[in-house]
Amino acid sequence: MSYDAHFRVWRGDAAGGELADYTVAVHDGEVVLDVIHRLQATEATDLAVRWNCKAGKCGSCSAEINGRPRLMCMTRMSSLPSGETVTVTPMRAFPVVRDLVTDVSFNYAKAREVPAFVPPPGLAPGEYRMKQEDVGRSQEFRKCIECFLCQDTCHVVRDHEENKAAFAGPRFLMRVAELDMHPLDAAAETGLDRKRAAQEEHGLGYCNITKCCTEVCPEHIKITDNALIPLKERAVDRKYDPLVWLGNKIRRRGA
Ligand code: SF4
Ligand code: SF4
Ligand code: FES
């Protein structure tokens, strides 16, 4: 069965743009990306859209559908209110390149600021042993497809460009949490304090655990409950640890 749907798609570039109206055919079982492709093939042949896998795995087709950050390839037309206009806009937290394509380089810059896993000294890959519960925690975080929908939805940067320098965003705070909770990470032995870095370099204090990032994650990663809240607890424990307090005091005196 087919029907005609009314779409409003943002068209423009860094200099500005506006919503354009289209009436486009939709067939049973289609997702929003199918309809965007039909538009490209018919009345909007120069419409810019980024996509790759059409299977919810490459993280490329992120956009906002009726104002909600979502993957276009995983949003079934049948899940949207029938008979109502479907509005598709680019992710709001990042600069527009053209139409639905945004410049997500902010995220790559933030990724580079998180120091990598530090292998445990004296153990070769293959000799690592971990409890299943620790393996499970890393596996959950590593389901991330880097769609950056969580980064787009987080209110700390969504309407506050000025916060971007100081805040890594949920995806990369989750990375810090994963490494800080990793039982084999030897960062501390090299003098790297991931908890201090989370607070002072990655802006953990900006997060007020609204859970909006968790709600939009297409991989259903419990970003807030399993990464951000535990990281906050660990950072607070470190701050009030009497040994850390004493160490800081001695360091200050010696300075
Ligand atoms: S829980 Fe924290 S990181 Fe996630 S959207 Fe809310 S403020 Fe942002
Ligand atoms: S944590 Fe989820 S929402 Fe955020 S980038 Fe990864 S897959 Fe996307
Ligand atoms: S096209 Fe790959 S996630 Fe949508």
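**View 1. Helix α2 and the elements that cover its buried residues.** In this predicted model, the elements that cover the buried residues of α2 include α4 and α6 (170–180). Helix α2 spans residues 105–112, and its buried residues are F106, N107 and K110. Seen down the axis of α2, these buried residues fall within an arc of 95°, so they line one face of the helix. On the other side of α2, the residues S105, Y108 and R112 are exposed. An α-helix has 3.6 residues a turn, so residues three or four places apart point the same way.

**View 2. The residues around ligand 1.** The shell around this ligand consists of C154, V156, P170, C207, N208, I209, T210, K211, C212, C213, T224 and L228. Two elements, α8 (212–216) and α9 (223–239), each give two or more residues to this shell. When the residues of the shell around ligand 1 are sorted by class, eight are nonpolar, three are polar and one is charged.

View 3. K211, which is one of the residues around ligand 1, has its place in the loop between α7 (194–200) and α8. Is K211 buried, exposed or partly exposed? K211 counts as partly exposed because 13 other C-beta atoms lie within 10 Å, whereas a residue counts as buried only with 20 or more such atoms and as exposed with 12 or fewer.

**View 4. The residues around ligand 2.** The shell around ligand 2 holds 14 residues, of which C144, C147, L149, C150 and C217 come nearest. By class, the residues of this shell divide into 11 nonpolar and three charged, with no polar residue among them.

**View 5. E146, in the loop between α3 and α4.** E146 lies in the loop that runs between α3 (132–141) and α4 (149–153), and α4 is also among the elements that cover the buried residues of α2. Phi of E146 is near 55°, which is a positive value in a residue other than glycine. With 15 other C-beta atoms within 10 Å, E146 is partly exposed.

**View 6. Where domain 1 and domain 2 touch.** The protein chain is divided into domain 1, covering residues 2–102, and domain 2, covering residues 105–254. Although the C-alpha centres of the two domains lie 32 Å apart, 13 residues of domain 1 are in contact with 13 residues of domain 2. Which strand gives the most to the side of domain 1 that touches domain 2? Strand β4, made of residues 68–71, gives the most to that side, with three residues. Taken by class, the side of domain 1 that touches domain 2 has seven nonpolar, three polar and three charged residues.

**View 7. The setting of the close-ups within the whole chain.** The secondary structure of the protein chain comes to 10 helices and seven strands, and its C-alpha atoms fill a box of roughly 70 × 40 × 25 Å, taken along the principal axes. Of the 255 residues in the protein chain, 32% count as buried. Among the contacts in the chain between residues at least 6 apart in sequence, 63% join residues that are at least 24 apart.

Conventions. Residues are numbered from 1 along each chain as its sequence is written. Chains are lettered from A and ligands numbered from 1 in the order in which they are written. This is a predicted model: local features need pLDDT of at least 70, side-chain atom pairs count only at pLDDT 80 or more; totals for chains, interfaces and linings use all residues. A residue is near a molecule or strand if its C-beta atom, placed from the backbone, lies within 6 Å of it. Helices (H or I, at least four residues) and strands (E, at least two) are DSSP runs, numbered from the N terminus. Ala, Val, Leu, Ile, Met, Phe, Trp, Tyr, Cys and Pro count as nonpolar, Asp, Glu, Lys and Arg as charged, and the others, Gly among them, as polar. Domain bounds come from an automatic or database domain assignment. Two residues are in contact if their C-beta atoms, placed from the backbone, lie within 7 Å. The arc is that of the directions from the helix axis to the C-beta atoms.
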